[in-house]
Amino acid sequence: KNNQKSNEDLIQYRKQHLGKSLSLQYNIPIKMVRGAEQYLMDQYGRKYLDTVNNVAHVGHEHYAIVKAGQKQMALINTNSRYLHENINTLAKELLETLPPELSVLHFVNSGSEANELAIRMVKATTGERDIIASEVGYHGNTNMTIDISSYKFDGKGGQGAPEHTHIFPLSDAFRGKYRGPDSGELYAKEIQKQIEDIHKNGRGVGALIIEPIISCGGQVELPKGFLPKAYEYIRAAGGICISDEVQTGCGRMGKTFWGFQLHNVVPDIVTIGKPLGNGHPIAAVACTQDVAEKFANGMEYFNTFGGNPVSCAIGAEVIKTVKREKLQENALQIGAFLKAELHLLSMDFPIIGSVRGQGLFLGIELVDHKLNPLANQTDYLENRMKAHGILMSTDGPDHNVLKIKPPLVFTKANAEELIFYLRKIFAEDAMQLND
Ligand code: PMP
């Protein structure tokens, strides 16, 4: 009872003294006090299965990661103007996973900062500032990255696309402008249209920025053939290509270590965030030698915390752990099992209109018979799953996509438990479709 009051106190204090636009998840918010593997624990000792947190990539509070951070923190932490092995070690670990064309790294502290730096690189490389980005894309919270994030500027409180941002329609083969497995080329043509618009204004193309699976857009997979064609158009116009791997990177896709590799393309810039620190703030930008050289135009790039020995010790241990514990393989196997089970579930419950994603980065979309989005049911499901101790999240422009992106240590038993409770809740009255 006392604890209940303390949650209310925390909420009241937040309302008064913390940012007014911070949000809280769930109708009744939770206070988490411990994390381990794919589980979280609240102050009452209640255990939750986490199907949401793609930041706690190798598992919450993984022993090897905590130890690496603690050990380095006790020795030295300083900026990257001093030599240190850790920054080189992390660079080597990452470069082993990337194609040889992407051979230069810059370390930063968040996904937003990574994309911010990527856009500076675009300007330095191409001399252009016009950026082509996806509808409902999200790339960060800074001025520049908000300016390329339709998820924000086309949403509540936003003011639409700025002059130098060019948005093409969400390449959603289920409910988007073009539908079906052959829609890739049509969506790529939408990018060509944006290129032509830029030219009409007498300007040139800076870059295309896109995620390999559009996460905030509702786990939207890019249709086959779309990305290679899009890259071709952008490059023919003198622009460069950025793959935002902040959510999709570091083995989560299962088949590949990075999302762009699913599409057989090589970007000029890759931005890496969330999973790299397993919860510690570290992010990175990988680029080609050409981009790196043009960016180094004489102005020093300095970043107080970027590439510090503690962050790099943690980042390197995360990548080593993914490799040592074969977590990419786990994402492939468990992800395939879970996706197949979700497909079976969708046969019994037609409210599930689409099951999609790769590895342990999946989504299910709830719609009625006419493909209208069902946001209320999605919200109900999320809150009911919480009541059964399973944490899930929802997203998409119509708030009707349930996202599944757990720590990569998620097991087959976890997947079975998840399906068991989904099946139970999909059978409840509130989830039935009216004919
Ligand atoms: N890019 C993508 C695709 C993201 O999902 C996010 C965060 N949700 C960001 C960039 C920004 O990262 P951060 O919040 O670490 O600044």
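The model is predicted, so local features need pLDDT of at least 70 and side-chain atom pairs count only at pLDDT 80 or more, while totals for chains, interfaces and linings use all residues. Residues are numbered from 1 along each chain as its sequence is written.

Around the ligand there are 14 residues, the closest being Ser-110, Gly-111, Ser-112, Gly-140 and Val-246; a residue is near a molecule if its C-beta atom, placed from the backbone, lies within 6 Å of it. This shell consists of 2 nonpolar, 10 polar and 2 charged residues. Here Ala, Val, Leu, Ile, Met, Phe, Trp, Tyr, Cys and Pro count as nonpolar, Asp, Glu, Lys and Arg as charged, and the others, Gly among them, as polar. Helix H4 (residues 111-126) contributes the most to the shell, with 3 residues. Helices are DSSP runs (H or I, at least four residues), numbered from the N terminus.

Ser-6 sits in helix H1 (residues 2-17). Ser-6 counts as exposed because it has 12 C-beta neighbours inside 10 Å (exposed means 12 or fewer, buried 20 or more, partly exposed in between, with C-beta atoms placed from the backbone). Its C-alpha atom is 9.8 Å from that of Lys-31, 25 residues apart along the chain.

Helix H7 (residues 184-200) packs with helix H8 (residues 226-236) at an angle of about 20°, their axes 8 Å apart. Axes are lines fitted to C-alpha atoms over the stretch in contact, and angles run from 0 to 180 degrees between N-to-C directions. H7 and H8 are therefore roughly parallel (angles under 35 degrees).

How values were computed: Helices (H or I, at least four residues) and strands (E, at least two) are DSSP runs, numbered from the N terminus. Angles under 35 degrees count as roughly parallel, over 145 as roughly antiparallel, 65 to 115 as roughly perpendicular and the rest as oblique.
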